[in-house]
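Dear colleague,

Please find the structure we spoke about below. My notes on it follow.

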Amino acid sequence: MGDSQWEKRIPSAQELRGGFENADDILSRIIGPDSSIGSDLLHDTLLAKSVNSRRMKRSDSTRVVSVTNQKGGVGKTTTTVNVATSFAAEGVPVLVIDLDPQANTSSSLGARQRGRGIYEVMTGQLEMEEAVRKSPLFPSLDVVPSSIDLSAIELEMAGEAKREAILKKRLFSYLERSGKKYEYVFIDCAPSLGLLVLNALTSSQEVLIPVQVEYYALEGLSQLLKTIDLVRLNFNPGLKGVMMILNMVDKRTLLSRKICQAVKEAYPSMVLSSSIPRLVRVAEAAAAGESLTSFDPASPAAVAYRQACLEIAERM
Ligand code: ATP
Ligand code: MG
């Protein structure tokens, strides 16, 4: 829904004089519809109501989505954790594979465990079902954790045949054997374009690229898209969908608005119309080792992630 449609729903001064009916009216009266704080608050309240009341479209097959960007610190882990938990909060069955030796996703989802994770699965020491853990956050959320051991795997796999398809083989035989009907498998990638990321892309039908809204936002995106094309041509013709999600957006600054515009103009069909604001609450939830959905479900960032999920669910 565009900004103008939201603006239309903000009550006029005349409407506000008619009497209080609910919390929104009271809020408008106290702060005043003409103050920017007042209209921001009202906008957030109305947006939250609309986003939280919409039904999530369900998927009848498993969508495997790599969350990737070779740039560091753009929000891959934050996106994986919050998108996965927004779906799981609706009861959607989701599997998250942490493919980053930093293991931040495993920590945020309460599933950190050394010795029984994706490293052991990819080196053949464990079957994937032996490494899958239930996240304590939501009953429909499973996690295959990572650990620092994974940092050595690129060298260890270097001599293996079909080394780009190790994860795909393990994941798909697990899905087949277990009969689990995950609607989404999200793979959080490390900031590189190495063999682990190649394994993630070879396993996926879709890619979700978090783009940090900063001066150098576009830098590196064309190289990443070229890599995705190469993977599609050489290893995985099923890698079809590319989505970008704008992260750390500050709508109050002109620079932020211009950068969002530039990314949308460069990749119009890929960029989700929902974007994630830069909010300290996002970092606080990560520091507390939680998802926003469990930490502060009413925060505008949690609402933004739910809105992004509604949009992702409508794609494909
Ligand atoms: P890496 O490349 O190291 O894996 P990453 O791409 O996974 O990093 P994150 O770890 O998700 O990036 O985010 C980097 C930092 O930015 C974290 O401290 C996170 O809490 C913070 N952050 C991410 N998104 C937001 C946001 N929308 N608002 C505020 N802080 C954010
Ligand atoms: Mg990360």
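Thr79 is part of helix H5. Please bear in mind throughout that this is a predicted model. The relative accessibility of Thr79 is 1%, so the residue counts as buried, the limit being under 20%. Beyond its neighbours within four places in sequence, Thr79 has contacts with Val67, Ala84, Leu208, Pro210, Ile245 and Tyr305.

**Aromatic pairs**

There are five aromatic pairs in the structure. One of them is formed by Phe87 and Tyr184: the ring centres are 4.2 Å apart and the planes lie at 20°, so this pair is stacked, as planes under 30 degrees apart count as stacked. Phe87 belongs to helix H5 (residues 76-89) and Tyr184 to strand S5 (residues 184-189), so that the pair links distant parts of the chain, 97 residues apart. Both Phe87 and Tyr184 are buried.

Another pair, Tyr174 with Tyr182, is tilted, with 6.3 Å from centre to centre and 40° between the planes. Tyr174 is buried, as is Tyr182.

Which residues do ring pairs link into a cluster? They are Phe87, Tyr184 and Phe186.

**The sheet**

Seven strands make up an open sheet with mixed pairing, in the order S3-S4-S2-S5-S1-S6-S7. At its edges are strand S3 (133-134) and strand S7 (241-247), each of which pairs on one side only.

Within the sheet, strand S2 (residues 94-99) pairs with S5 in the parallel sense, and six bridges join the two. Opposite Asp98 stands Asp188, a residue of S5. Helix H10 (residues 166-178) packs on the sheet. This helix touches strand S1 (63-67), S2, strand S4 (141-144) and S5, and the direction of H10 makes about 155° with that of S2.

**Cysteines**

How many disulfides does a search of the whole structure find? The search finds zero.

**In brief**

The points to look at in the model are the stacked pair of Phe87 and Tyr184, the open sheet of seven strands, and helix H10 where it packs on that sheet.

Regards

Notes:
Residues numbered from 1 in each chain as written. Chains lettered and ligands numbered in written order. Predicted model: local features only at pLDDT ≥ 70, side-chain atom pairs only at ≥ 80, totals over all residues. Heavy atoms only, no water. Phe/Tyr/Trp six-rings, centres within 6.5 Å; stacked < 30°, edge-to-face > 60°. Helix = DSSP H or I, 4+ residues; strand = E, 2+ residues; numbered from the N terminus. Buried < 20%, exposed > 50% of the residue type's maximum accessible area, 1.4 Å probe, protein only. Contact = heavy atoms within 4.5 Å. Pairing = 2+ DSSP bridges. Axes fitted to C-alpha atoms, helices over the stretch in contact; angles between N-to-C directions. Disulfide = S-S within 2.5 Å.
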